[in-house]
Amino acid sequence: MIDFFNYFSATLKKLFIHIILSIVFCGNFFAQGGESCNPEWQIKPVINQGFILIHRTSIGHLVKGYPTIYELNVSRPTWGDKTWHIENNKPDIGISLQCIDFKNPQQLGYALTAAPYVEIPLNVIEKKSRVVMRLCWGLDYITKCFDVQTNRKNIAIGSHFNSFVQFKWLWHLKLSESLRFEPGFAFSHVSNGKSKNPNLGLNVVSLNAGLNYLIPSKKSKTQTRCVDSSTCVKSKNELLFFAAIGFNQREIATPDLKVITVSGAYQRNVRNTHKFSAGVDLFYDENYQTDYENKFSVKATGFDQMRMSVRLGYSYNIGRISLPIEMGYYAFQKAKPDGYVVSRIGVRYYSKSGLVAHFGLRTHFAVAYDFEYGLGYRFYLK
């Protein structure tokens, strides 16, 4: 059996070297062949080696080794022919398919991920070496989640399907016209937003190395700036209102509890890519009502059923997609099960008509509370 694994490992190494050499020689062929056209597609295999961040001592027993993340990324570079391309230094957009080996097959298993991403250069000038930031959010499937019968020790993840978030900082090191070496480091997070308990989440911090092969296009394209009016804000000042629904659990294997959120905010557009906000959130929360009843020995009635927070926020905008980070304070709540501080990260899509699609993760001191699925409307002010 050991000989079989040694042979299998050696075969994989030879195959990997063969692929790398093929890409290098193919890349050199195109570079020497005088291809001057921009690439249409990019293929990037990446390997990450890191460690699980033990953010709770209670998950320490789940760490059996140093996890490895295998990625296959398929992307397209933006041409610079739209306003949001120029505003974001002509980013790459694509999808990442990942497999995370947590090095604990009995309790954590593996994570299989499909996630769209954008990679934004942090400097305007195009050169052979550029610092790039990746923003990635998608869906994740964990092969080994908590099970009261067969996997009681996995108190980190209580569901097979989860949300996946990855922040990555990397360098584009140009080797030829068709080949880039991309080293960097990343933070990857898997969580179900407390829709199923337990949900302490898994965080992996890793170093990574990728080889990006740019497939040259046979067509040339003139890069002319085109003002895309649907992504340009019509006013510096605006109002945003949305309503959302979410679900969480109080304990393991208990019924789902609804959370309804109504939100209103004033937003100030510094420019298309930067937005600041101040607002109020009102929460009708069945989990909170149980906390109220436990504290006062009576059921909450009227406005006592609600919690209200005031908040400040910042959003980074990529065309019609906005990535808000918001921090709030519970200005009204009779019971205080989660303290006073509430925060939110999320994704919003601003349509041309004014409708807004909202997806957010509400947390208390970085502990997930619920996912929010909502719709809203944006009003421009003079």
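## Largest pocket

Strand β4 (110-121) contributes the most residues to the lining of the largest pocket, namely 5. This is a predicted model, in which local features need pLDDT of at least 70, side-chain atom pairs count only at pLDDT 80 or more, and totals for chains, interfaces and linings use all residues. Residues are numbered from 1 along each chain as its sequence is written, and side-chain values use heavy atoms, with hydrogens and water left out. Helices (H or I, at least four residues) and strands (E, at least two) are DSSP runs, numbered from the N terminus.

The pocket holds about 920 Å³ of space. On a 1 Å grid over the protein atoms alone, a pocket is an open set of points with protein on both sides within 12 Å along at least five of seven lines, a cavity is a set where a 1.4 Å probe fits but cannot get out, and lining residues have an atom within 4 Å of a point. A volume is the space filled by probe spheres set on the points, with grid points joined across faces, edges and corners. The lining of the largest pocket has 39 residues, and Val118, Leu135, Ile318, Ile321 and Leu323 lie nearest its centre. Elements that each supply at least two lining residues include α2 (83-87), β5 (129-142), β6 (161-176) and β13 (321-332). By class, this lining has 24 nonpolar, 10 polar and 5 charged residues. Here Ala, Val, Leu, Ile, Met, Phe, Trp, Tyr, Cys and Pro count as nonpolar, Asp, Glu, Lys and Arg as charged, and the others, Gly among them, as polar.

## Cavities

The structure holds 4 cavities of 30 Å³ or more. The largest cavity has about 110 Å³ of space. It is lined by 14 residues, and Thr231, Val233, Gly319, Tyr350 and Arg378 are the closest to its centre. Strands β13 and β16 give two or more residues to this lining, which divides into 5 nonpolar, 6 polar and 3 charged residues.

The second largest cavity has a volume of about 70 Å³. Among the residues that line the second largest cavity are Asp281, Phe283, Arg311, Glu326, Arg344 and Arg362. Strands β11, β12, β13 and β14 each supply at least two residues of its lining. That lining consists of 3 nonpolar, 3 polar and 5 charged residues.

## Aromatic pairs

There are 12 aromatic pairs in the structure. Rings of Phe, Tyr and Trp (its six-membered ring) pair if their centres lie within 6.5 Å; planes under 30 degrees apart count as stacked, over 60 as edge-to-face and the rest as tilted. Phenylalanine 283 and tyrosine 330 make an edge-to-face pair, 6.2 Å centre to centre with 70° between the planes. Phenylalanine 283 is in strand β11 and tyrosine 330 in strand β13, so this pair ties together parts 47 residues apart in sequence. Phenylalanine 283 is buried at 1% relative accessibility, and tyrosine 330 is buried at 2%. Buried means under 20% relative accessible area, exposed over 50%, and partly exposed in between (1.4 Å probe, protein chains only).

The rings of phenylalanine 303 and phenylalanine 332 are tilted, because their centres are 5.0 Å apart and their planes lie at 45°. Phenylalanine 303 is in the loop between α3 and β12, and phenylalanine 332 is in strand β13, 29 residues apart. Phenylalanine 303 is partly exposed, at 44% relative accessibility. Elsewhere, ring pairs link Trp137, Phe359, Phe371 and Tyr373 into a cluster.

## Helix α3

Helix α3 spans residues 286-296, and its buried residues are Asn287, Tyr288, Gln289, Asp291 and Tyr292. The cover over these buried residues (contact means heavy atoms within 4.5 Å) includes β9 (237-248), β10 (257-271), β11 (274-285), β12 (306-318) and β16 (367-381).

Aspartate 285 caps the N-terminal end of α3, with a side-chain oxygen 3.0 Å from the backbone nitrogen of asparagine 287. Just after the helix, serine 297 has a positive phi of about 65°.

## Backbone in the loops

The peptide bond from asparagine 197 to proline 198 is cis, with omega near 0°. Proline 198 sits in the loop between β7 (179-191) and β8 (202-216). Lysine 194 lies in the loop between β7 and β8 and has a positive phi of about 65°, although it is not a glycine. Lysine 194 is buried, at 19% relative accessible area.

Lysine 103, also not a glycine, takes a positive phi of about 60°. Lysine 103 belongs to the loop between β3 (92-101) and β4, and is partly exposed at 30% relative accessibility.

How values were computed. Polar contact = N/O pair within 3.5 Å; in protein donor to acceptor, adjacent residues only side chain to side chain.
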